[in-house]
Amino acid sequence: APDQYANAATVTADAQPELGLDPITDIDLSHYFGAVPSLEIEKYTNDQKADDEPGPFIRVGEPVTWTFLVTNTGNVRLTSIVVTDSLEGPALCDYTSLERNQKATCIITATNGSVAGAYANTGYTVATPPGGLADVTDQDDSHYFGADPSVAMQKLTAGQLARDMPGPYIVAYEPVTWTYVITNTGNVPLTVQAVIDDQDVDVNCPSPELSVDGWTTCAGSELAIAGQYTNTAEVQAAPPVGGDVTAADISHYYGVEPGVSIKKLTNGHDANEAPGPLIPEGDPVNWTYIVTNTGNITLTTLMVTDSEGATVNCDAAPIGPKASKICTASGVAISGHYSNTGTVTATPLFGPQVMASDTSHYYGLSLIHI
């Protein structure tokens, strides 16, 4: 039986009863102690009982401390108590001997902090009971998950990855759409907190939850502005432990606003109003058509025509933004009031065709009046 035990042995003998003598007796006591040596170890990871996976989430490189609580659960004193971790080595204990029901606390701290991913280790304890009895042992498992969160974002403008200028051409004042592809590149789930665009684009995301290797697509749109445009977006995502992780991406587009103008001169005169210059009937008339690219994108082709059928001569070279070229036509003056209109039709590198016109006048002096 366990614990202290005592019993008495009694012997009785007759001492010649025929002589009238009483029986004689003797008693002797004997003792033993029923030793039931045992001990128990409870292992904690950062103060959490983590027998089952995954255990607490700990950011990679953050401190990890294992605490081992060793209890003498038997009925005899235990000595030479040792606690060892399967991966981390021996622990430092405040007691190496324990009386019945006494507890000892042992500590190990990870040298370099937590490592990435699932981590499991086992705490072992051994102690020696008295009287040459066999050593007693116990063990306990513990777990943690080394959280290494990260997030990536790829920003597309009109479906194109446009990190470099100019990016896609988009007609100014037409809708432009941005797509934000957000991917969980870490080893723990993430919750998207916000997607912030530095040009105040309103970004909408269908779901904030991202599993490991999961992704989601957010979107925003506005009307394109003219000229070079740049915006940068940042995603903020929360892991199960520690601060947010972030990622950013830049994108560009070029807001195309094509334009063209034409100024028509008659014999060097800007004759928008009648009667224009006076030219003797039969004298040469020279028309000059000054064509200017008033937009922000190259005009690759242009055609200049005259309402009265004059043949207009232009070179075929493209014309860049704000540049001009001169086209010419010629004829012979006729009698009386004359007007004709020059029209330019131009095709930009991207965007809609553009057109402009200008009218010019002259007055042909007949020979009768000269």
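This is a predicted model: local features need pLDDT of at least 70, side-chain atom pairs count only at pLDDT 80 or more; totals for chains, interfaces and linings use all residues.
Local features need pLDDT of at least 70, side-chain atom pairs count only at pLDDT 80 or more, and totals for chains, interfaces and linings use all residues. Residues are numbered from 1 along each chain as its sequence is written, and side-chain values use heavy atoms, with hydrogens and water left out.

A salt bridge here is a side-chain nitrogen of Lys or Arg within 4 Å of a carboxyl oxygen of Asp or Glu. That rule gives ten salt bridges. One of them joins K49 to D51, at 2.4 Å from N to O.

Another salt bridge pairs D249 with R163, with 2.7 Å between the closest N and O atoms. The two residues are 86 apart in the chain: D249 is in strand 21 (residues 245–256), and R163 is in the loop between strand 14 (160–161) and strand 15 (169–171). Strands are DSSP runs (E, at least two residues), numbered from the N terminus. D249 is buried at 6% relative accessible area, while R163 is partly exposed at 37%; buried means under 20%, exposed over 50%, and partly exposed in between (1.4 Å probe, protein chains only).

D306 and K264 also form a salt bridge, at 2.8 Å from N to O. This pair links strand 25 (residues 299–306) and strand 22 (residues 260–266), 42 residues apart. D306 is buried at 9%, and K264 is buried at 0%.

D200 lies in the loop between strand 17 (190–197) and strand 18 (209–210) and is exposed because its relative accessibility is 68%.

Terms used:
Helices (H or I, at least four residues) and strands (E, at least two) are DSSP runs, numbered from the N terminus.
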